[in-house]
Amino acid sequence: MNPLNIVYLHSHDAGRYIQPYGYAIQTPQLQKFAEQGMLFRQAFCENPTCSPSRACLMTGQSAHVNGMLGLAHRGFRLNHYEDTLVNYLRGHGWHTALSGVQHIAHEPFSTVEEIGYHEVLDEALDDSGTVRRYAPDSSGVADAATDFLAREHDKPFFLDVGFFPPHRIDDGDFPSSLPVPNPAYVRPPAHLPDTPETREDFARYMASVSTFDALAGQVLDAIDRNGLSGNTLVIVTTDHGIAFPGMKCRLTDHGLGVLLILRGPGAGGFEQGKVTDAMVSHLDIFPTVCESLGLPLPERLEGESLAALANDPEAELRDCLFAEVNVHAAPEPMRAVRTPRWKYIRHYQSLEHRVLPNCDDSPSKTRLCESGWAAVPSVREELYDLVLDPIEGNNLAALPQHADTLAEMAGRLDDWMAATSDPLLDGALELDGKILTPVDAYSPKDINKA
């Protein structure tokens with residue numbers, strides 16, 4: 001058999017809110033794909049902000065290790081672009097192509113090429129003068145990817161397909177090419193109030209994620225139609241949680257939880273509708289690709305290959321996961337450790353209010369702020385029992401009966417930070433020259449320079 005191709009297909013801000021995870025959201029293409037492949041029910045990003053999350057997946061390293069502490073278009077960069085999965089595969093003979101959003105290097109193409117792509121497929125402008133990869137409907141991204149898949153290929157390839165939906169657009173709405181469901185019959189995520197504003201907002205999200213599903217289906221159909229499915233490992237995921245209050249940019253599972261579905265004959269076989277509850281991470285993608293392709297694992301990788309779970313979905317890869325936030329629109333350094341039972345979060349700045357610019361503007365945000373949501377002071381530590389409190393609403397950190405658990409979890413986090421030379425151990429993050437929003441602003445659009 002020829003070396004496997006890799007198709008990495010991803011969305012912006014989708015969390016796990018798709019049909020295969022049991023939500024009342026129409027994503028029939030992803031449902032079909034999950035039934036053909038392997039669904040990871042407990043998959044997490046390492047950093048629930050856009051560029052850092054993608055950078056962690058692409059390097060197999062935590063954000064403070066790879067250097068991507070914030071957003072690429074606000075001046076943040078990887079320490080070593082030669083360490084990306086794209087460059088690694090390119091160096092081993094794979095042809096590499098990008099269609100759509102990558103978001104770990106500020107464009108134009110010269111910096112995209114730095115990531116390791118031989119070519120960018122969707123440079124053309126749409127009728128509004130927008131590069132197609134940033135057009136809200138993302139149809140040009142799917143078209144360019146399907147054209148690529150129809151080619152004759154004389155080398156194995158790595159195709160990166162990044163869709164914009166369901167990321168919010170400038171007015172706080174969601175891009176969609178499909179009808180919005182009737183909000184009277186919609187329920188927002190459980191930690192949000194069930195109000196007309198949140199129902200309408202979530203209904204618009206639902207249409208946008210269904211748009212992503214349709215576009216993803218176009219690419220998946222092209223893989224099958226061109227006879228590539230038997231020799232292609234397909235990875236479908238998103239960067240982090242959805243753009244609602246208490247989700248994106250948070251270290252609760254609302255922010256860290258991501259969809260992850262693999263299909264293909266990689267190591268162990270990600271096929272036949274397998275499902276696992278093992279905790280897995282975006283950091284596991286790089287080693288999984290290496291093992292599936294028979295390539296050596298770089299020593300710098302922090303994750304584990306998912307092949308063991310393909311062989312035995314009841315197995316466990318690890319007993320804990322670590323996560324972080326440094327900067328989104330505004331600085332908000334946090335660290336977390338998660339086990340199957342417990343979540344511990346530590347904050348590194350003390351404020352008398354929420355950092356509102358790190359929550360995207362939306363009708364849901366407005367509704368909560370009108371009810372006093374903004375005026376909640378930060379705490380140093382959070383501790384949640386994920387079995388008895390799965391929505392992470394009851395902070396147990398101050399309760400004496402949980403002091404031993406708090407100390408154990410804090411110790412795990414301290415050990416990880418020391419082992420990875422976390423810059424927070426030396427004090428404040430170095431943010432000179434980066435484009436930042438003040439922590440006391442309301443909107444991420446209110447920017448200045450550090």
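**Cavities, a sheet and a buried serine**

The largest cavity holds about 70 Å³ of space. The structure in question is a predicted model, and 5 cavities of 30 Å³ or more are found in it. Rolling a probe the size of a water molecule over the atoms shows where empty space is left.

The lining of the largest cavity consists of Phe44, Cys45, Glu46, Leu256, Ser281, Leu321, Phe322, Ala323, Ala336, Val337, Arg338 and Lys343. Sorted by class, these residues comprise 8 nonpolar, 1 polar and 3 charged. Strands β10 and β11 each contribute at least two residues to this lining.

Strands β10, β11, β12 and β13 form an open sheet of 4 strands, arranged in the order β10-β11-β12-β13 with antiparallel pairing. At its edges stand β10 (321–327) and β13 (381–385), each of which pairs on one side only. From one strand to the next, the twist averages 15°. Within the sheet, β11 (residues 331–338) and β12 (residues 342–347) are joined by 5 bridges in the antiparallel sense. Ala336, which is among the residues lining the largest cavity, has Ile345 in β12 as its bridge partner. Helix α12 (residues 403–419) lies across β10, β11, β12 and β13. Relative to β12, this helix runs at about 65°.

Attention now turns to the second largest cavity, whose volume is about 50 Å³. Its lining is made up of Gln29, Lys32, Phe33, Gln36, Leu220, Asp221, Asp224 and Arg263. The elements that supply two or more of these residues are α1 (28–36) and α7. Helix α1 gives the most, with 4 residues. By class, the lining of this second largest cavity divides into 2 nonpolar, 2 polar and 4 charged residues.

Is Ser210 buried or exposed? Its relative accessibility is 11%, and a residue counts as buried when this value is under 20%, so Ser210 is classed as buried. Leaving aside residues up to four places away in sequence, Ser210 touches Ile25, Gln26 and Leu178.

Notes. Residues numbered from 1 in each chain as written. Predicted model: local features only at pLDDT ≥ 70, side-chain atom pairs only at ≥ 80, totals over all residues. Heavy atoms only, no water. Buried < 20%, exposed > 50% of the residue type's maximum accessible area, 1.4 Å probe, protein only. Contact = heavy atoms within 4.5 Å. Pairing = 2+ DSSP bridges. Axes fitted to C-alpha atoms, helices over the stretch in contact; angles between N-to-C directions. 1 Å grid on protein atoms, 1.4 Å probe; cavity = no way out; pocket = protein on both sides within 12 Å on 5 of 7 lines; lining within 4 Å. Points joined across faces, edges and corners; volume = space filled by probe spheres on them. Nonpolar A, V, L, I, M, F, W, Y, C, P; charged D, E, K, R; others polar.
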